[in-house]
Amino acid sequence: MSTRRYDSSRRKEAAAQTKHQVLEAGRHLFLERGYAATTMSDVAARARVSAATANAAFGGKAGLLKRLIDVSIVGDEEDVPVSERAIAREVAAETDPRRQCQMLAAFVAGVHQRLAPLMEVMHQAAGADDQVRAQASKGQEGRRQGMAEFVALISPEALRPGLDADRAADIVWALTEHRLFVGLVHERGWSIEEYTAWLGDQIATALLG
């Protein structure tokens with residue numbers, strides 16, 4: 001084994017650990033203090049790195065929040081989009097469209113459990129930070145695209161008569177909005193299981209013939 005390869009591996013591991021520390025520090029402080037009251041110096045101090053290192057890790061505070069949201073969506077820090085993950089392959093392999101709707105509902109419920117608190121931080125930040133506002137808008141566009149990709153996995157013959165794929169994607173995009181999750185689970189006290197079952201039924205009823 002060459003020394004150069006060993007050193008490169010060590011550097012990559014150290015960089016990944018530093019990013020993890022900054023992410024966890026940012027998550028804690030954003031949820032505890034809010035976006036506006038958190039500075040990158042605060043994040044750096046909690047992560048036990050320099051302010052320059054914390055800023056460079058994700059390109060500043062807005063970039064840190066974006067990365068936290070991306071990680072919350074997929075459930076880990078691997079840079080692999082949902083479309084390339086096991087859940088997408090499993091939904092694509094399923095031939096029962098109602099089961100596909102239930103699988104999407106279960107995935108969405110898991111995402112919202114991780115993501116909902118940070119989405120509240122983002123919505124608050126978007127009112128005062130142009131970069132966060134642009135990221136939030138792009139995130140909604142990405143979510144709409146994801147719903148279109150889900151609808152494309154359902155056999156066209158299974159959709160309700162007169163319902164095209166574009167309108168179907170709009171419907172799923174609306175039903176899976178995080179505010180519905182917050183309202184039903186956090187505010188109305190539904191269990192995750194109740195929300196998941198309801199969401200799966202709503203998607204199936206709205207889409208399938």
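Predicted model: local features only at pLDDT ≥ 70, side-chain atom pairs only at ≥ 80, totals over all residues.
I take contact to mean heavy atoms within 4.5 Å. Residues are numbered from 1 along each chain as its sequence is written, and side-chain values use heavy atoms, with hydrogens and water left out.

**Entry 1: Arg 144**

I looked up Arg 144 and found it in helix 7; helices are DSSP runs of H or I with at least four residues, numbered from the N terminus. Arg 144 has a relative accessible area of 19% and is therefore buried, the term standing for under 20% with a 1.4 Å probe and protein chains only. Leaving aside residues up to four places away in sequence, I list Asp 166, Ala 169, Asp 170 and Trp 173 as its contacts.

**Entry 2: helix 8**

I next examined helix 8, residues 165–175, where Ala 168, Ala 169, Val 172 and Leu 175 are buried. These residues lie on the same side of the helix because they cover an arc of only 130° around the axis, taken from the directions from the helix axis to the C-beta atoms. Among the elements that cover them I note helix 6 (97–126), helix 7 (130–152), helix 9 (178–187) and helix 10 (192–207). At the N-terminal end of helix 8 I recorded a cap by Asp 164, with a side-chain oxygen 3.2 Å from the backbone nitrogen of Asp 166.

**Entry 3: the largest pocket**

I then turned to pockets, each an open set of points on a 1 Å grid over the protein atoms alone, where a 1.4 Å probe fits, with protein on both sides within 12 Å along at least five of seven lines; lining residues have an atom within 4 Å of a point. The largest pocket has a volume of about 1300 Å³, the volume being the space filled by probe spheres set on the points. Of its 42 lining residues, Ile 73, Val 82, Gly 139, Gly 142 and Arg 143 are the closest to the centre. Helix 7 supplies the largest share of this lining, twelve residues. By class I find 22 nonpolar, eleven polar and nine charged residues, with Gly counted as polar.

**Entry 4: the second largest pocket**

For the second largest pocket I note about 200 Å³ of space. Its lining consists of Ala 16, Lys 19, Leu 23, Phe 58, Arg 67, Asp 70, Glu 77 and Asp 79. Helix 1 (3–33) gives the most, with three residues.

Terms used: Buried < 20%, exposed > 50% of the residue type's maximum accessible area, 1.4 Å probe, protein only. Helix = DSSP H or I, 4+ residues; strand = E, 2+ residues; numbered from the N terminus. Polar contact = N/O pair within 3.5 Å; in protein donor to acceptor, adjacent residues only side chain to side chain.
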